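Reader: I would like to go through this model with you and ask what stands behind each label. Could you set the values against the cut-offs as we go?

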Amino acid sequence: MRIFVYGTLMSGLQRATVLNNSQFLGAGIIQATLYNLGSYPCITEGSTKVVGEIYEVGGTTLQELDMIEGYDEESPEASLYCRKQVTATIHDSNTQLLLEAYYYNLPVENGLLLESGDYRMYIETQQE
């Protein structure tokens, strides 16, 4: 399955090692709205360009991602994040891919809107 990651799972960030056994397909963009929730980001439906990475993941990795994201396929309405199908554009080739991304399933009342759509850039500016 192809997965779009936009936060702590991206290469070089806190949880990137989860994707070590997955095939990196490229950097990409989806249409959504990106927020910072403190120690991690989230996306909701929206029309902003969100920057991330695209991976082909196997079943074991997908199960681990579901656990990290608090996604329960049997009870999606009670999950922290839900996996949703979305179209991503790969930077280098402008190719469009149908894949899945984890969307936040709770209200984003206290989230900080990241207008840039780029969590890595946000983290780097916070460290300066």
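Reader: Happy to start with two tyrosines: are Tyr71 and Tyr102 buried or exposed?

Author: Both Tyr71 and Tyr102 are buried. Keep in mind that this is a predicted model.

Reader: What makes the pair of Tyr71 and Tyr102 edge-to-face?

Author: The structure holds five aromatic pairs, this one among them. The ring centres of Tyr71 and Tyr102 are 6.5 Å apart and the planes stand at 75 degrees.

Reader: How do you know that the charged end of Lys84 sits over the ring of Tyr103?

Author: That charged end is 5.2 Å from the centre of the Tyr103 ring. The distance limit is within 6 Å, and there is an angle limit of within 35 degrees of the ring normal as well. Lys84 is listed as sitting over the ring of Tyr103.

Reader: Why is Thr44 called buried?

Author: The relative accessible area of Thr44 is 16%, and buried means under 20%, so Thr44 is buried. Thr44 lies in strand 3 (residues 41-56). Leaving aside neighbours within four places in sequence, its contacts include Ala32, Tyr35, Tyr103 and Val108.

Reader: Which residues have the most contacts inside the largest nonpolar core?

Author: They are Phe4, Ile30 and Ile43, in a core of 38 residues. The largest share of this core, six residues, comes from strand 5. Beyond its neighbours within four places in sequence, Ile43 is in contact with residues including Tyr6, Ile30, Val50 and Ala101.

Reader: What makes strand 2 and strand 3 a pair?

Author: Two strands pair if there are at least two bridges between them. Strand 2 and strand 3 have 13, in the antiparallel sense; Ile29 with its partner Val51 in strand 3 is one of the bridges. The two strands form a hairpin with four residues between them, and Gly38 in the turn has a positive phi of about 115 degrees. Strand 1 also pairs with strand 3 in the antiparallel sense, over four bridges.

Reader: Why is the contact of Glu53 and Arg120 called a salt bridge?

Author: The N to O distance between the side chains of Glu53 and Arg120 is 3.1 Å. The limit is within 4 Å, so the two side chains meet in a salt bridge. This pair links strand 3, which holds Glu53, to helix 2, which holds Arg120, 67 residues apart. Glu53 is buried at a relative accessible area of 7%, whereas Arg120, at 23%, is partly exposed.

Key. Residues numbered from 1 in each chain as written. Predicted model: local features only at pLDDT ≥ 70, side-chain atom pairs only at ≥ 80, totals over all residues. Heavy atoms only, no water. Buried < 20%, exposed > 50% of the residue type's maximum accessible area, 1.4 Å probe, protein only. Contact = heavy atoms within 4.5 Å. Phe/Tyr/Trp six-rings, centres within 6.5 Å; stacked < 30°, edge-to-face > 60°. Core = buried A, V, L, I, M, F, W, Y, C linked by side-chain atoms within 4.5 Å.
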